[in-house]
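Here is a short briefing on one protein chain.

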Amino acid sequence: MPQSLQDEKAEASPTFPASRRHRRVASRRGPVAALIVALLLVPIIWILMFFLLAGPTQKLALWSGFHGGHGWNAASHRDDEYLIGVGKADVTGPCVELNLMGYADPQQIGTGLRQRLYSRAFIVADPSNSADRFVYLVLDTQSGDTAVRYGILSELQKLGAEYENYSHHNIAVTGTHSHSGPGAWLNYLLPQITSKGFDQQSYRAIVDGAVLSLRRAHESLTPGHLSVGSTKVFGANINRSLFAYLANPEDERSRYNTSSEDDGSVEKDLTMLKFQRASDGKNIGVLTWFPTHGTSVLGNNTLISGDNKGVAAYLFEKSAVDDETAAEGFVAGFSQANVGDTSPNVLGAWCEDGSGEQCSFENSTCSDGRSQKCHARGPLFTIDDEGTSSCFEIGKRQYEPARKLYDHLNRTPNPVRGHWVKSFHTFHNMSNHQFQLPNGTEVTTCPAALGYSFAAGTSDGPGAFDFTQHESNSTNTSPLWRLVSGLLKEPTKEQRACHAPKPILLDVGEVYSPYQWTPNVVDVQAFRVGQLAIVVSPGEATTMAGRRWKEAVGDKITTLFAKESPSEKPIVVLGGPANSYTHYITTEEEYGIQRYEGASTLYGPHTLAAYINVTLSWIPYLSSSASSRPPLGPEPPNNSNRSLSFIPQVIRDSPPFFRKFGDVKQDVEEVYHKGARVSATFVGANPRNNLRLERSYALVEKLVTPPLPTSPSPADPESVSPNDDDLRKELVRTREADRWEAVRDDSDWHLVFSWRRTSELLGTSEVRITWETAADPWAEPGRYRLRYLGDAKSLAGEITEFEGVSGEFELV
């Protein structure tokens with residue numbers, strides 16, 4: 001509380017008992033005396049009422065124990081006060097024996113865990129109308145998903161009336177677009193192919209963790225304030241399809257070309273929404289938007305992680321632990337933006353064929369005319385670690401400016417103002433959407449289809465065979481692919497014309513056997529709080545596509561809501577891929593180039609224009625006075641309980657002969673210098689037996705010793721003089737008080753858990769735990785040990801927990 005308020009309330013508080021005594025006396029002294037006393041009391045009562053209603057102390061009292069909109073006097077609601085809540089929960093699926101989702105490489109099978117994956121939930125609600133709220137979920141996954149969203153909504157319905165305000169219209173399920181998470185959880189058949197189908201364990205980990213994060217955010221709801229700002233982030237993204245980007249009109253591109261460092265080819269702006277609770281002024285979290293692909297960790301990596309966005313969130317949340325401006329449990333969400341054509345591999349694409357040449361500008365090929373040897377390079381590409389070091393560096397390059405922006409907003413807030421929290425969501429069938437372009441031309445979208453350049457991949461992850469980006473078609477690729485395309489479904493003449501100039505490789509939108517391959521029904525969603533609007537995109541919008549979408553929404557809001565008060569220029573951000581996965585969204589000009597992004601734009605050349613058209617048609621539902629919602633629209637299928645699966649289950653675990661689970665097979669050394677890799681190998685069991693959500697498979701434990709007696713004395717009780725029995729007992733007590741404290745766990749980037757099957761027949765396996773002290777900025781001298789926590793499955797299906805502990809070692 002400000003000191004002036006404390007002084008004024010301290011002076012005013014004694015007047016209460018005095019005024020009550022005066023009123024009681026006045027009742028005996030007659031109406032004139034009572035009138036005089038009442039007149040004297042009016043200004044005092046007025047002052048008290050002013051501070052009681054406006055002062056922070058009274059607001060805290062009114063909000064005490066508040067959850068979900070009960071017990072608050074809405075009359076005191078100001079236009080910069082909201083209900084805010086944040087939450088975080090573990091969504092790490094099976095880290096072994098499952099295909100990783102992102103690069104679509106069936107050979108990329110998980111072998112362990114570098115960093116646990118999380119769902120981070122952010123809730124904003126209107127204090128005067130608790131039904132007006134939205135939830136923005138940031139998951140460390142490749143994208144949002146239809147089945148996952150259905151699962152979240154189903155679980156929320158089971159929680160009863162307290163959660164009845166959460167539904168389709170106000171929940172956004174976004175992914176950070178990490179390509180290093182477990183797969184086999186998506187709703188449609190196409191992304192299930194490389195993962196051998198659908199895995200319920202992987203799916204449930206995401207659904208249950210997302211719901212838990214939302215519950216934690218809901219239970220933490222408290223009155224507070226939002227502040228929004230932006231900063232530049234340099235060195236964390238480039239445009240990987242610059243040839244396609246340059247097809248956009250020059251005058252449009254020139255609007256964003258502000259310097260050699262910020263030439264407009266990608267967006268360098270990071271936008272931050274800061275959540276500050278009113279009770280003590282502490283911040284409970286930040287939500288940011290910035291575009292860079294989750295492909296820092298390369299396609300030959302087999303360890304689970306949140307990629308560069310996971311690193312950024314990890315660093316920010318660690319920085320908040322001892323920060324007096326941050327509340328306990330601070331949550332940092334690093335959401336994607338218009339990510340489609342961006343890459344975190346900022347040194348560009350180079351031919352790994354010994355030529356030392358960059359890949360061709362037009363189609364990302366090398367001297368052999370193929371794309372397989374064209375690989376993008378991260379900032380630390382010379383380190384042979386599957387992109388791990390580059391990933392940490394790109395995450396840090398996002399964290400550092402975000403942290404500076406956070407500090408700036410603490411000093412100079414830019415409040416979100418406006419007594420409205422609005423949202424809409426609808427399903428829309430994109431397969432044959434007819435509409436008018438702004439110039440009056442009648443156009444239509446098409447059933448989903450993927451072009452030949454889709455199979456070429458990108459320089460972040462080249463495809464196989466003889467596909468290339470740009471100008472790849474049936475005439476310059478193997479005839480085998482024409483056959484494959486026809487076996488799936490031969491596109492009709494109308495479908496080819498609709499998608500032109502895209503040469504169709506896979507007509508996935510018209511295949512429904514055994515169930516749908518890709519979505520034709522898409523999610524259209526937007527949120528609005530004060531001057532901030534959030535466009536929730538189901539696909540990967542490219543840099544310019546995202547700009548056009550945001551600009552159109554901003555213009556529409558400005559036009560429709562000009563008379564609302566306070567009236568401020570809208571700030572529009574775009575987040576995704578969310579709610580489903582509809583691949584890419586390019587501009588019509590980029591689509592015409594038919595590089596990877598254009599070939600992966602599902603609904604034809606007018607895909608972006610259709611998204612904008614549908615979004616703008618529902619913008620009136622974001623009005624401050626809106627009290628209804630748009631129709632739900634045609635609901636897409638939920639394939640979570642009928643998807644195919646050819647993923648083998650764990651049969652049993654067994655230790656080698658004369659061993660038991662958790663035994664140390666290869667122990668640590670006695671001494672390591674800072675910079676070494678500390679590792680131990682244990683007799684293991686399959687991590688799929690227990691995902692250990694909210695727990696860990698691996699720990700680094702440090703020996704914490706209480707201070708020795710202040711008087712000079714030996715540390716060893718045996719070396720103490722026999723006559724000094726008291727000192728001997730004190731040293732023994734001190735030694736017994738030593739404790740092992742976990743200082744690293746699965747959430748830490750530099751602690752790696754690896755698993756390897758040693759015999760399929762016998763069911764034996766081993767686990768290696770490695771602490772990378774060289775890159776760990778928080779590693780400090782001390783005495784440590786490693787602990788392994790596992791779960792073994794018997795042939796009868798019984799799961800048994802066990803532990804293993806390494807020897808002790810000194811880090812110097």
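**Salt bridges, disulfides and buried sites**

The count of salt bridges comes to 48, a salt bridge being a side-chain nitrogen of Lys or Arg within 4 Å of a carboxyl oxygen of Asp or Glu. The model is predicted: local features need pLDDT of at least 70, side-chain atom pairs count only at pLDDT 80 or more, and totals for chains, interfaces and linings use all residues. Residues are numbered from 1 along each chain as its sequence is written, and side-chain values use heavy atoms, with hydrogens and water left out.

**Salt bridges**

- Side chains of opposite charge can pair when their charged atoms come close.
- Glu597 forms a salt bridge with Arg240, and their closest N and O atoms are 2.9 Å apart.
- Glu597 lies in helix H16 (residues 596–599) and Arg240 in the loop between strand S9 (238–239) and helix H8 (242–245), so this pair ties together parts that are 357 residues apart in sequence. Helices (H or I, at least four residues) and strands (E, at least two) are DSSP runs, numbered from the N terminus.
- Glu597 counts as buried because its relative accessibility is 3%. Arg240 is buried too, at 10%. Buried means under 20% relative accessible area, exposed over 50%, and partly exposed in between (1.4 Å probe, protein chains only).
- Lys550 forms a salt bridge with Glu267, with 2.9 Å between the closest N and O atoms. The pair links distant parts of the chain, 283 residues apart: Lys550 sits in helix H14, and Glu267 in the loop between helix H9 (250–254) and strand S10 (269–277).
- Lys550 is buried at 16% relative accessibility, and Glu267 is buried at 12%.
- Glu510 forms a salt bridge with Lys489, the closest N and O atoms being 3.3 Å apart. Here 21 residues separate the partners: Glu510 is in the loop between strand S23 (504–506) and S24, Lys489 in the loop between helix H12 (479–488) and H13.
- Are Glu510 and Lys489 buried or partly exposed? Glu510 is partly exposed, with a relative accessible area of 25%. Lys489 is also partly exposed, at 22%.
- Lys88, Arg120, Asp140 and Glu317 are linked in a network of salt bridges.

**Disulfides**

- A disulfide is a covalent bond between the sulfur atoms of two cysteines. The count is 3 disulfides, taken as pairs of cysteine sulfur atoms within 2.5 Å.
- Cys351 and Cys366 form a disulfide with their sulfur atoms 2.2 Å apart. The link is left-handed, with -105 degrees about the S-S bond. Cys351 lies in strand S15 (residues 349–351) and Cys366 in the loop between S15 and strand S16 (374–376), 15 residues apart.
- Cys351 is buried at 5% relative accessible area, and Cys366 is buried at 8%.
- Cys359 is joined to Cys374, S to S 2.2 Å. This link is right-handed, at 120 degrees about the S-S bond. Cys359 lies in the loop between S15 and S16 and Cys374 in strand S16, so the pair ties together parts 15 residues apart in sequence. Both cysteines are buried.
- Cys446 is joined to Cys498, S to S 2.0 Å. The link is left-handed, with -90 degrees about the S-S bond. Cys446 is in the loop between strand S19 (442–444) and strand S20 (450–451), and Cys498 is in helix H13 (residues 493–499), 52 residues apart. Cys446 and Cys498 are buried.
- With the bonded cysteines numbered in sequence order, the pairing is 1-3, 2-4, 5-6.

- In helix H17 (residues 607–617), the buried residues are Thr607, Leu608, Ala610, Tyr611, Ile612, Val614 and Thr615.
- Their cover includes S17, strand S18 (434–436), strand S24 (521–529), helix H14 (543–560) and strand S28 (584–585).
- His428 lies in strand S17 (residues 421–429). His428 is buried, at 17% relative accessible area.
- Beyond neighbours within four places in sequence, His428 is in contact (heavy atoms within 4.5 Å) with residues including Val614, His433 and Asn520.

**Ser335**

- Ser335 lies in strand S13 (residues 326–335). At 0% relative accessibility, this serine is buried.
- The side chain of Ser335 makes a polar contact with the side chain of Tyr136 at 2.8 Å. A polar contact is a pair of N or O atoms within 3.5 Å; within protein, one must be able to donate a hydrogen and the other to accept it, and residues adjacent in sequence count only if both atoms are side-chain atoms.
- Not counting residues up to four places away in sequence, Ser335 touches Tyr136, Trp289, Phe290 and Gly575, among others.
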